[in-house]
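Colleague: I would like to learn how to read a sheet, a core and a pocket from a set of coordinates. Could we work through an example together?

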Amino acid sequence: MQTQKIAEMEKALIRETLPDFRVGDTVRVHYKIVEGDKDRIQVFQGVVIKRHRAGARSTFTVRKVSFSVGVERVFLSHSPRIDQVEIVSRGVVRRARLYYLRDLQGKAARLRTQRES
């Protein structure tokens with residue numbers, strides 16, 4: 001009974017405009033930031049290292065290296081603050097979680113890209 005109510009509430013929150021991206025893909029996330037009374041859009045580009053699929057509570061983690069410091073950010077997939085998600089390139093990986101990228105630097109941290117055919 002309770003789970004049906006929760007499922008109905010979550011169904012209303014799920015957005016359909018999210019592209020089909022996977023772990024290993026390089027994505028560009030356009031995120032709305034509110035500073036005082038102003039809105040602006042900040043772009044965060046990096047590799048998706050994790051997807052957590054849980055209906056309206058789904059998240060994905062994006063990692064980038066900025067000024068030789070690794071930065072990871074967790075985004076709610078169905079958040080109204082996400083303006084858009086662009087897929088920059090598709091990566092070929094054989095893992096569901098790419099935590100090993102945290103220990104790699106430079107060219108070793110590159111992923112193979114999928115050939116367009």
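Predicted model: local features only at pLDDT ≥ 70, side-chain atom pairs only at ≥ 80, totals over all residues.

Colleague: How many bridges hold β2 and β3 together, and in which sense do they pair, parallel or antiparallel?

Modeller: As a general idea, strands of a sheet pair through backbone hydrogen bonds, and the pairing is either parallel or antiparallel. Here β2, which covers residues 38-52, pairs with β3 in the antiparallel sense over five bridges.

Colleague: Which residue of β4 is the bridge partner of Phe-60?

Modeller: The partner of Phe-60 in β4 is Phe-75. Strands β3 and β4 run antiparallel and are joined by eight bridges, and their hairpin has two residues between the strands, with Phe-67 taking a positive phi near 55 degrees.

Colleague: What is the order of the strands in the sheet?

Modeller: The sheet is open and has five strands in the order β4-β3-β2-β1-β5, with antiparallel pairing. Its edge strands are β4 and β5 (82-89), each of which pairs on one side only. On average, neighbouring strands of this sheet are turned by 40 degrees against each other, when direction is ignored.

Colleague: Which residues have the most contacts inside the largest nonpolar core?

Modeller: In soluble globular proteins, nonpolar side chains tend to be buried together. In this model the largest nonpolar core has 13 residues, and those with the most contacts inside it are Val-29, Phe-60, Val-62, Phe-75 and Val-85. Two or more residues of this core come from each of β1 (26-35), β2, β3 and β5, and the largest share, four residues, is that of β1.

Colleague: Where does the lining of the largest pocket come from?

Modeller: Strands β3 (59-66), β4 (69-76) and β7 (112-113) each supply at least two residues of that lining, and β3 gives the largest share, three residues. The largest pocket holds about 380 Å³ of space and is lined by 22 residues, with Val-47, Arg-63, Val-65, Gly-106 and Ala-109 lying nearest its centre.

Colleague: How many residues of the lining are nonpolar, polar and charged?

Modeller: The lining of the largest pocket divides into seven nonpolar, nine polar and six charged residues.

Note on methods:
Residues numbered from 1 in each chain as written. Heavy atoms only, no water. 1 Å grid on protein atoms, 1.4 Å probe; cavity = no way out; pocket = protein on both sides within 12 Å on 5 of 7 lines; lining within 4 Å. Points joined across faces, edges and corners; volume = space filled by probe spheres on them. Nonpolar A, V, L, I, M, F, W, Y, C, P; charged D, E, K, R; others polar. Pairing = 2+ DSSP bridges. Axes fitted to C-alpha atoms, helices over the stretch in contact; angles between N-to-C directions. Core = buried A, V, L, I, M, F, W, Y, C linked by side-chain atoms within 4.5 Å. Buried < 20%, exposed > 50% of the residue type's maximum accessible area, 1.4 Å probe, protein only.
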